[in-house]
Amino acid sequence: MTIDEVEFPGRRLFIKRIVAAGAVLALPGGFLLPREAMAQPPIPYNPKNYTIYRNACPRNCFDTCSLKTYVKDGIVSYVEGAKESTFTHGMPCVKGLTYPRRAYSPDRIKYPMIQDGRGTGKWRRISWDEAMEKIASKMLEIKKKDGSLLGLALTKYSGNLGIMNYGVEGMMSSLGYTTRFVGTPCWPAGIDAQSYDMGDMWCNDPEDLVKAKYIIIWGANPAWCSIHTMKYIYKAREQGAKVVVIDPLLTQTAVKADLYLRVRPASDGALALGMARHLLDKGLVDQTFVNQYAYGFPEFAQYLRDNISVEWAAEQCGLPADIIRQLTEEFAAAKPATIWIGYGMQRHINGGANVRAIDAFVAMTGNIGLEGGGARYGHLQTWGFNYYAMTQKAPDGSVGFVGPQGPKGEFDFAAKTAVQYSDRSLNINKTAQGILDAKDPPIRMLWVSCKNPFSQDFDRNKMQRAFEKLEMVVCVDQFFNQTVEQADIVLPVTTLLEEWNISVSYWHYWLSINQPAIKPMYESKTDLEIAAALSRAMNRLAPGSCTFPQQVDSREWVGKEFNEGIYKMFGISSWEELLNGPVKAKLDNSAAWHDRKFKTKSGKYEFKSDLCQQHGFTALPEFKAGREKTLPFHLFTPHTLFGIHSQFINLDWTQVFYPEPFVYLHPDAARKKGIAENDWVRVFNPLGEVVVRAQLTRNVPTDFLVIYEAWFPKNTFNVQNVVDDTSSDMGQMKTGAPGSAIHSQLVDIEITHAPASKGGITV
């Protein structure tokens with residue numbers, strides 16, 4: 001069998017049918033308009049009628065788009081991409097186009113509100129002063145009861161990744177030492193893996209993909225998750241590059257590739273090791289790289305000879321051995337060649353080990369350090385801001401965490417030294433368990449910001465039990481989501497169209513400013529303004545109890561985040577230059593590690609990492625098995641095409657694309673279970689269940705189910721009912737907590753009846 005024989009057979013036929021049906025009219029800019037409306041001449045655009053503002057999408061997304069917002073008579077008319085950015089290229093995605101509706105949505109939280117009984121939906125409006133008084137009083141009560149504020153916890157993550165939003169952490173620091181949920185559910189296993197191999201996580205500029213001669217997209221779906229990168233992939237293919245997608249699912253990216261290879265979940269490391277072994281067998285290893293720029297290659301090569309064969313890899317991952325050999329040889333012959341390592345692929349119990357195996361394969365071919373090459377995962381090279389908003393000091397006399405026994409006095413008489421207090425850190429990927437287990441003191445109060453734990457965190461039923469233990473929950477949000485349902489107080493926060501912010505990417509190298517295009521709607525405030533309001537209340541009740549400034553000028557604080565390093569990197573002398581448009585980092589070379597000087601202890605690429613071994617893993621990138629299959633179906637819960645976790649799908653503009661949740665399964669699996677299209681089914685495991693309608697598709701394997709993660713207003717649907725909080729192998733070193741094995745989930749399915757009620761909340 002050859003590679004050409006396993007090409008996706010329906011791609012060209014599918015395109016022909018689209019053209020024949022006139023479906024090209026469904027491209028952006030036309031598919032929401034009736035044909036007769038499309039035939040009408042457009043209204044002439046007069047730029048003098050609009051004021052243009054600079055904005056940037058701060059969501060947890062590869063693309064972090066630079067935007068321009070057009071305002072007329074104080075009202076946002078529309079947004080578009082900033083053409084100054086060669087990455088955004090003037091074209092935001094559908095999500096970006098919905099920002100005006102997000103700001104003007106009738107469903108927004110408009111005022112501070114208090115709920116009479118969590119989960120009852122009995123909300124009533126209160127003033128900002130009343131809300132802050134209640135919150136500050138509770139914090140002071142906790143401090144008096146426990147002798148510290150460790151009973152106050154913060155859970156915050158990726159709902160808004162703007163630099164100014166780190167003021168939330170600054171607010172907590174200004175109160176004293178608190179409990180923080182640390183880590184990330186997104187990419188920690190891969191960060192640690194690349195840090196063991198190369199000393200840091202650093203990827204090529206995605207715009208240099210046009211220079212690649214061979215591209216493997218491994219466990220990523222940029223056609224959904226990074227649409228702006230796709231144009232560089234297309235350009236590379238136009239210039240002769242071959243594009244391969246490796247994924248358990250037939251994704252939108254896979255159907256656009258030259259070759260799609262379906263692998264078993266969590267078998268990625270086995271496949272990469274099999275490819276590495278074939279490099280050895282065929283004499284295709286780049287000897288210059290492994291001899292001059294690498295450490296521990298002889299030991300890794302011996303491991304491959306003793307333990308790995310192509311036939312073994314084929315059995316593990318489900319691909320024919322001759323396909324693995326041909327893929328390996330093509331990649332090695334096509335320098336520069338690159339692999340895009342997706343975040344989904346490392347969300348398994350062996351995720352870090354899998355990434356290390358892929359890194360090793362790319363390194364053996366000598367493609368690390370080349371423009372158009374590399375093992376691409378992500379970077380934080382452009383994030384060197386001052387984090388002024390975050391670095392607030394604790395009040396004098398604050399008591400914090402010093403170890404397993406919790407807070408102690410301010411002086412250790414035995415050691416005759418002052419105790420160094422800190423915040424108490426708990427794993428963000430085990431939030432519910434952390435709340436349930438915390439003692440000395442227990443967590444009494446939770447502040448939720450930039451996050452929707454009930455829809456994003458794992459084991460929803462456990463989360464419900466954890467929230468029942470809390471004495472007060474405060475949510476800062478824009479909508480009444482499932483976490484807000486379980487809160488005591490909700491505070492309305494601004495959208496990107498109403499605030500100052502700074503945005504950079506963990507993928508590309510552009511920097512954008514975000515300026516308020518309209519005044520804050522209703523009584524919404526920025527995170528900085530909320531922190532200042534809390535500081536006023538705290539100091540009114542107990543002078544000196546909070547160090548956060550009681551008045552803030554957000555524009556002034558933007559300037560405080562910049563430094564000479566950032567200015568030099570981006571070739572600007574003042575942040576205000578960004579008001580003219582986004583700027584790109586001045587790169588001497590678009591390739592990460594282009595000088596082959598790695599940040600490891602040896603200064604080389606480390607096939608053998610002593611640091612990795614010190615942290616409890618194998619020094620070499622050895623095979624690690626995935627989760628044992630104890631139920632008949634694997635479950636994947638990616639986010640939807642036009643949503644990110646629990647964001648965007650709640651808007652009426654985007655509900656037209658995905659009006660209700662479904663479970664997707666293969667027709668053969670459905671037949672065995674007696675399930676027909678649109679039947680109501682129950683997806684279940686020991687954690688709980690999800691009741692949805694079934695959609696049949698051959699895009700998933702027969703032992704696979706897919707349920708997209710999303711939040712639907714007034715609908716009790718939640719994928720986290722059946723997703724547990726099992727950890728991935730790595731992540732502790734760089735992010736403070738192991739990652740989550742979100743995709744190492746197992747379930748069963750059976751036909752059932754339609755739910756009696758959708759539930760929801762009343763506001």
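**Helix 11 against helix 16**

I looked up the handedness of the crossing between helix 11 and helix 16 and found it left-handed (the near helix is turned anticlockwise from the far one by less than a right angle). This is a predicted model, where local features need pLDDT of at least 70, side-chain atom pairs count only at pLDDT 80 or more, and totals for chains, interfaces and linings use all residues. Residues are numbered from 1 along each chain as its sequence is written, and side-chain values use heavy atoms, with hydrogens and water left out.

I checked the geometry next. The axes of helix 11 (residues 268-282) and helix 16 (residues 351-364) cross at roughly 25° and come within 8 Å. That makes the two helices roughly parallel (angles under 35 degrees).

I then listed the contacts (heavy atoms within 4.5 Å). Helix 11 brings Asp268, Gly269, Ala272, Leu273, Met275, Ala276, Leu279 and Leu280. Helix 16 meets them with Asn354, Ala357, Ile358, Phe361 and Met364. By class, I get 10 nonpolar, 2 polar and 1 charged residues, with Gly counted as polar.

**Whole chain**

I count 27 helices and 29 strands (DSSP runs: H or I of at least four residues, E of at least two). The radius of gyration is 26 Å, close to the 27 Å from the globule rule for 763 residues, so the chain is as compact as a globular protein of that length. The radius is taken over C-alpha atoms, and the rule is 2.2 Å times the number of residues to the power 0.38.

I noted a C-alpha box of roughly 80 × 75 × 60 Å along the principal axes. Buried residues make up 61% of the 763 (under 20% relative accessible area, 1.4 Å probe, protein chains only).

Notes:
Axes are lines fitted to C-alpha atoms, for helices over the stretch in contact, and angles run from 0 to 180 degrees between N-to-C directions. Angles under 35 degrees count as roughly parallel, over 145 as roughly antiparallel, 65 to 115 as roughly perpendicular and the rest as oblique. Buried means under 20% relative accessible area, exposed over 50%, partly exposed in between (1.4 Å probe, protein chains only).
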